[in-house]
Amino acid sequence: MLLAACSGTTDDEVVDPSHEARDELSLHGDQFCPSILPRAPRETYGFGTGERATELPSFPTIDEAWLCTYESRDVAPAGSNGAWLEWAREGEPRQLSPDEVASFSDDLRSLEPLDDGDLVCDADLGPRFVVSFAREGDLTGVVVDDHGCGSVRLTDDPFVTVPGDASQPGTVTGLLVRPAGLLAALGVGRDRPAS
């Protein structure tokens, strides 16, 4: 059961009977973030889909969320041509404070599909941040690149689904525009306030 946060509906207004909730959180030992994100195909260099999302996501009310940081490492076979990145967690997951959850939830309502004018990219390679949350044990991850185009990709289950390949009700496949200040409000990323 997911609600359309973008349209301001409530839990009682949106019910998708075709989606059977799974207790993914228990399945993964009550962990919100894997040690390694599911590996994206080699042809994407390990970043995941480069296709733009064609619709808006919707999200449940988030009561609890965890922030995890991932750094890249090249796993391309020796002697091969080109990189193939895998994303490994650095440090331990951090539970977001209630204020951070509220700010993040507000920012999720500003996610939009990319259009041709949205891509402003740099050549730097930096971390990925994952905000993972569960609704009745059903995990969802929001994966934010702090490099390149600063894209956002969704995952139905950060332990199983490659970021950007999300397909369960409420999530979308493809790239989304990162709202300004999304990472800074969580105290991470290159746009965070100076301390």
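**Entry 1**

I began with Tyr-45, which I found in the loop between H1 and S1. This is a predicted model, and I read each entry below with that in mind. For Tyr-45 I noted a phi near 60 degrees, a positive value in a residue other than glycine. I then looked up Asp-30, which lies in the loop between helix H1 (24-27) and strand S1 (65-74). The phi of Asp-30 is likewise positive, near 60 degrees, and Asp-30 is not a glycine. I recorded both values because most residues other than glycine have a negative phi.

**Entry 1. Confidence and overall layout**

I checked the confidence next. The mean pLDDT of the protein chain is 84, and 84% of the residues score at least 70. Over residues 1-19 the pLDDT stays under 50, and for this stretch the model has 34 contacts beyond four places in sequence.

I counted two helices and seven strands in the protein chain. Their order along the sequence reads α-β-β-α-β-β-β-β-β. The chain has 195 residues, and 47% of them count as buried. I also looked up the contacts with a separation of 6 or more: 69% of these join residues 24 or more positions apart.

**Entry 2. Nonpolar cores**

Which residues have the most contacts inside the largest nonpolar core? I found Phe-104, Val-142 and Leu-154, in a core of 24 residues. At least two residues of this core come from each of S1, helix H2 (98-108), strand S4 (128-135), strand S5 (138-145) and strand S6 (152-155). I noted a second, separate core as well; it has 11 residues, including Phe-32, Cys-68, Val-130 and Leu-139.

I followed Leu-154 further. Beyond its neighbours within four places in sequence, Leu-154 is in contact with residues that include Pro-57, Phe-59, Gly-141, Val-142, Val-162, Thr-171, Val-172 and Leu-176.

Leu-176 was my next stop, and I placed it in strand S7 (residues 176-177). Is Leu-176 buried or exposed? Its relative accessibility is 0%, so Leu-176 counts as buried.

Val-160 is found in the loop between S6 and S7. Val-160 has a relative accessible area of 54%, and the cut-off for exposed is over 50%, so Val-160 is exposed. Leaving out residues up to four places away in sequence, I found that Val-160 touches His-28 and Pro-38.

**Entry 3. The largest pocket**

The largest pocket holds about 210 Å³. How many residues line the largest pocket, and which lie nearest its centre? I found 17 lining residues, with Phe-47, Asp-145, Gly-148, Cys-149 and Arg-153 nearest the centre. By type, I recorded six nonpolar, eight polar and three charged residues in this lining.

Note on methods. Residues numbered from 1 in each chain as written. Predicted model: local features only at pLDDT ≥ 70, side-chain atom pairs only at ≥ 80, totals over all residues. Heavy atoms only, no water. 1 Å grid on protein atoms, 1.4 Å probe; cavity = no way out; pocket = protein on both sides within 12 Å on 5 of 7 lines; lining within 4 Å. Points joined across faces, edges and corners; volume = space filled by probe spheres on them. Nonpolar A, V, L, I, M, F, W, Y, C, P; charged D, E, K, R; others polar. Helix = DSSP H or I, 4+ residues; strand = E, 2+ residues; numbered from the N terminus. Core = buried A, V, L, I, M, F, W, Y, C linked by side-chain atoms within 4.5 Å. Buried < 20%, exposed > 50% of the residue type's maximum accessible area, 1.4 Å probe, protein only. Contact = heavy atoms within 4.5 Å. pLDDT = per-residue confidence, 0-100.
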